Amino acid sequence: MLISYDIDGTMEFGDPPGPVTVEMVKKARELGFIVGSCSDRSLSAQQALWDRHNLEVDFVSLKHTLSDIMAKFEATKYCHIGDRDLDFQFATMAGFDFLWMHEAESEPWLQWGNGDGTNHATAG
C-alpha cells in the first residue's frame, strides 16, 4: 500500500502545520507502506524536510504528477492525504483514494492491512 502526504497544512512540519506527525509516517513505514510526499514545494525542498526529520521516504513528487507515482510503484491501495480541494482533485484524477488531513489523525491506514477497503475520497 502507498501513502502520499501533502506537506503544508497536512504534516506537522508544514507551513501551516498540520495534524499528521512524523511518528505517524514512521509507523506506516514500519507496517511496510510505501510513503512519500506530493506537494507544491520543489522536490529538493520536500526531500530536505524529510531529511531534517530523519525520515526515509520512497518518493517526493509534485502533486500534479501523482499518476507518475502510481505508474512507478505497484501497490494494492494508493492514498493521498491533503488539506485543499486541489489535493482532492489531483488525487482522484490520478486514481488515488483521498483523505482530508483531519481524517488522517486517526491513522486509518493501521486498519487497511486488515481488509478495510473503504474508499475515503469525498469532496469538501
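Is Phe13 buried or exposed? Select Phe13 first: this residue counts as buried because its relative accessibility is 13%, where buried means under 20% relative accessible area, exposed over 50% and partly exposed in between, with a 1.4 Å probe and protein chains only. The model is predicted, so local features need pLDDT of at least 70 and side-chain atom pairs count only at pLDDT 80 or more, while totals for chains, interfaces and linings use all residues. Residues are numbered from 1 along each chain as its sequence is written, and side-chain values use heavy atoms, with hydrogens and water left out.

**Aromatic pairs**

The structure holds nine aromatic pairs; rings of Phe, Tyr and Trp (its six-membered ring) pair if their centres lie within 6.5 Å, and planes under 30 degrees apart count as stacked, over 60 as edge-to-face and the rest as tilted. Trp50 counts as buried, at 0% relative accessibility.

Next select Phe59 and Phe73, whose ring centres are 5.6 Å apart with planes at 45°, so the pair is tilted. Phe59 is in strand β3 (residues 59-62) and Phe73 in the loop between α3 (66-72) and β4 (78-82), 14 residues apart.

**Asp87**

Now move to Asp87 in helix α4 (residues 85-93), which counts as buried at 0% relative accessibility. Its side chain is joined to that of Lys63 by a polar contact of 2.6 Å, a polar contact being a pair of N or O atoms within 3.5 Å; within protein, one must be able to donate a hydrogen and the other to accept it, and residues adjacent in sequence count only if both atoms are side-chain atoms.

**Helix α1**

Finally, select Val22, Met24, Val25 and Ala28, which are buried in α1. They cover an arc of only 160° around the axis, which puts them on the same side of α1; the arc is that of the directions from the helix axis to the C-beta atoms. On the face turned away from this buried side, look for the exposed residues Glu23 and Glu30. Just after α1, Gly32 takes a positive phi of about 95°.

Technical notes. Helix = DSSP H or I, 4+ residues; strand = E, 2+ residues; numbered from the N terminus.
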